[in-house]
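Open the model in your viewer and keep the selection tool at hand. We will go stop by stop, and each stop says what to pick next.

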Amino acid sequence: MNTLKDAKVGETVMIKKITGSGPTKRRIMDMGMTKGAEVLIRKVAPLGDPIELHVRGYELSVRKADAELIEIE
Amino acid sequence: MKTDIVLNTADILILATLAILMIIAVRIAIGFFREKKK
Amino acid sequence: MEIKIALAGNPNCGKTTLFNDLTGSAQYVGNWPGVTVEKKDGRMKNHKDVVIQDLPGIYSLSPYTLEEVVTRNYLVNEKPDAIINIIDGTNIERNLYLTTQILELNIPVVIALNMMDLVRKNGDSIDIKKLSNQLGCKIVPISALKSEGGQELVAEAIDAAKNNRLAEPPHVFKGSVEHAIAHIEESIEHEVSRDNLRWYAVKLFERDEKVVEDLAFDDSLMRHIEMHIKDCEKEMDDDSESIITNQRYAYIQNVVDLSVVRKKARGALSISDKIDKIVTNRILALPIFAVIMFLVYYISVTTLGTVVTDWTNDTLFGAWIQPAVQHGLEAIGASGWLISLIVNGIIGGLAAPIGFAPQMALVFFFLSILEDCGYMARVAFIMDRIFRRFGLSGKSFIPFLISSGCGVPAIMASRTIENEKDRRMTMITTTFIPCGAKLPVIAVIAGFIMGGAWWAAPMMYFAGIILVIISCIILKKTRMFAGKPAPFVMELPQYHIPSGRGVLIHVWERVWAFLKKAGTILFLCCVVMWFLGSFGIHNGAFGLVDSENCFLSDIGNAIAWIFVPLGFGTWQAVASSLSGFVAKEGIVSTMGVLAGLGDVGGYTSSMHNAFAAFFPTSIAAVSFLFFNLFDSPCLAAISTMAKEMGSRKFFWFAILFQNVMSYCIALMVYQIGGLAIGTVAFGPATIVAFILLAGLIYLLFKPDRSKTAQLKVHEGAAA
């Protein structure tokens, strides 16, 4: 099962599903990371975490641990 | 060195002004703390 | 008749600029009752009967964050006459997500499509008419920064409010979802008002915990609703919350595809992205940050700031105001002691913090620019990794940073932290970082015990940082602050040149708050302190006395025993600490006064003998330093904390925590440190110190109940 955590910088992926529950999942989805959305992995922060994504036309920062909840294809 | 306190007119005027300023200050200050309640 | 218009929108969409534009300076800033969320409202310029209620910047109306809950409660319960929904035109999809939710509230909505100047610059085009038709409400294009479209917006909003122009709600949900919601609407239509029917139905479908709690329907109704939800979930093979969110975005995607034409390819680098290539670059990010911070402090404190502060203290007060007042009072024949109260006690006492204000203003000025232009989000992004380890997020870094200048704006800056527990924790620990006013004490003690070492100040900053870390780890494990760490899902907004006016309003707000505190609380305390320090009862009579016999020394002597285990149980040391309660600069000036040295600025070796009476040993001086650096902050900061904390309980906890912490640390430093260097004998206090140390270590390393519970959730999800 491929998650956003495994994606490489520069790759563009499509979201298949968001696992988990509660506030974190809701927040991730509220920010536009929904089924079928296209995400570009922009970069990784200097200290290794979090990661910067380009989604729905803007830049979003997400922790790697949370990126693991996002299944992609 | 101990000094007795003698109040002359000027002193009383000044003290009165001070007292008024202090009362105003207290009222404003209480206002700060009231906002934090609830 | 008063009209109430609410301002709602995402963070970073220009809402504050618009609010400032609409209300001028006629604003009132406070907190929503009982919480740490800022509440801002004001009267519209030129339309004095219109009240504009600024709502917190939010991305959604979910039940999970404080800002969202405060906003939805306001919108549902206090029903404003109209809502101006500000949308960032360069970021339409995500902004419309909130819009779809606002449109369900049955309140007249006017959309302000902001940043039109940027949209044009990017070469994008938005068909406003089409968009307006699809969403069912009026859209006014504006550019808040350039003041375009403001008039039209105001006219439309007032018109909508007066005529109760309700939008034709768009059909966001499709198929079985719409069916399920319609069913729920039918089931609850007699229980809720017509206006809120749609809103509640959708929220019930999402199993929104706050709505469920508020409505408190009986079990049979809830089970009926649950049945509808489950049917839909089975059909869509997803949970109800996700279903709704997905459908909203699917709808938005459609709408945007029809009305927006983008010039650049998706994911192409904008100017902001190009800047970030350098600013959040793996190698350059931290050095760049260090340079920027160094420059900010170099200009505000070391150079320009100190010049203005010295001028304020030496010239303005020292050469002009104090002598002038002195002469004036002498001329009208006031008594010597009264003159001393006014010139030395009050004016002298206030001079220090007021002299400090220019430096503070400069620091706020630069930090405001950094915040408003978008850089601070990058700072949080870079620093998050470090803060995550102690249960906080990168956003807490900014208050800690500001603390090194002054704790008052630092506490105010913690407003940007979304999670209330994190916010409170940051406020409590931020003053452990030594502020500018604490530098004199460090210098004097460093001079006293080791002839002034340059590394004393950096070492105390380091100690402060460690204490912050330790405190956060410990607090996070307590029931009060434990909980799932707030999701750190943060937008990195486009860089933009901050509005000069916005920055100045920010700076002015903070400086004024500080000066107000100085003028009132500090003023009162100066009078009290002066009185306690000059008067006393000697030989049975009340009057002006020498330092050893004043009330302050009586109080000092009375409570000195508390500080004996810390090594500085002398009334002079205690009295100096007490004055630190008012303003930290006061510690050194009181020390000077009590040692008979008059006003003391820095340390000179001649002072050694004078201070020796305060501190029987060097290690006692060190312990004194630790205590005064880490106890509760100055009164100005304490009152700021009281206001921002939003809760009496947390406020008193903060005070208790800070003072107990500093006491314990000072105790350990004196007893254990003293034992190690041979100055202090082993005794019951030493045992207590070791027990405290053991306790501290235990609190640091004990298993975190909530963390282990979370790990299980994560494992369960991944399985």
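Two strands count as paired if DSSP finds at least two bridges between them. Keep that in mind when you select A:V13, which stands opposite A:V39 in β2(A). One caution before moving on: this is a predicted model.

Stop 1: Select β1, residues 12-18 of chain A, and β2, residues 38-44 of chain A. Three bridges link these two strands, and the pairing is antiparallel.

**Stop 2: the other side of the pairing list.** Pick A:I15 and look across to A:I72 in β5(A). Then pick A:K17; its bridge partner in β5(A) is A:E71.

**Stop 3: the whole sheet.** Which order do the six strands of the open sheet follow? Select them in turn: β5(A)-β1(A)-β2(A)-β3(A)-β4(A)-β10(C). The pairing is antiparallel. Go to the edges, where you find β5 (70-72) of chain A and β10 (489-492) of chain C. Each has a single partner strand, so one side of each is left without a neighbour in the sheet.

Stop 4: Select α1, residues 23-30 of chain A. This helix packs on the sheet and touches β1 and β5 of chain A, as well as β10 of chain C. Its direction makes about 140° with that of β1(A).

**Stop 5: the core.** Which residues touch the most other members of the largest nonpolar core? Select A:M33, C:V110, C:A112 and C:I445. The core holds 216 residues. Its largest share, 14 residues, comes from helix α14 (residues 336-373) of chain C. Zoom in on A:M33. Leaving aside residues up to four places away in sequence, A:M33 touches A:I15, A:I18, A:I28, A:V39, A:V55 and A:I70. As a general point, nonpolar side chains tend to be buried together in soluble globular proteins.

**Stop 6: the chains.** Colour by chain. Two pairs of chains touch, and the most contacts are between chains A and C. How far apart are the nearest C-alpha atoms of chain A and chain B? They are 27 Å apart, and the two chains do not touch.

**Stop 7: chain B.** Finish by selecting chain B, with its 38 residues. Chain B has one helix and zero strands. Buried residues make up 5% of chain B.

Conventions. Residues are numbered from 1 along each chain as its sequence is written. Chains are lettered from A and ligands numbered from 1 in the order in which they are written. This is a predicted model: local features need pLDDT of at least 70, side-chain atom pairs count only at pLDDT 80 or more; totals for chains, interfaces and linings use all residues. Helices (H or I, at least four residues) and strands (E, at least two) are DSSP runs, numbered from the N terminus. A residue is buried if 20 or more other C-beta atoms lie within 10 Å of its own, exposed if 12 or fewer, and partly exposed in between; C-beta atoms are placed from the backbone. Two residues are in contact if their C-beta atoms, placed from the backbone, lie within 7 Å. Axes are lines fitted to C-alpha atoms, for helices over the stretch in contact, and angles run from 0 to 180 degrees between N-to-C directions. A nonpolar core is a set of buried Ala, Val, Leu, Ile, Met, Phe, Trp, Tyr and Cys residues joined through C-beta atoms within 7 Å.
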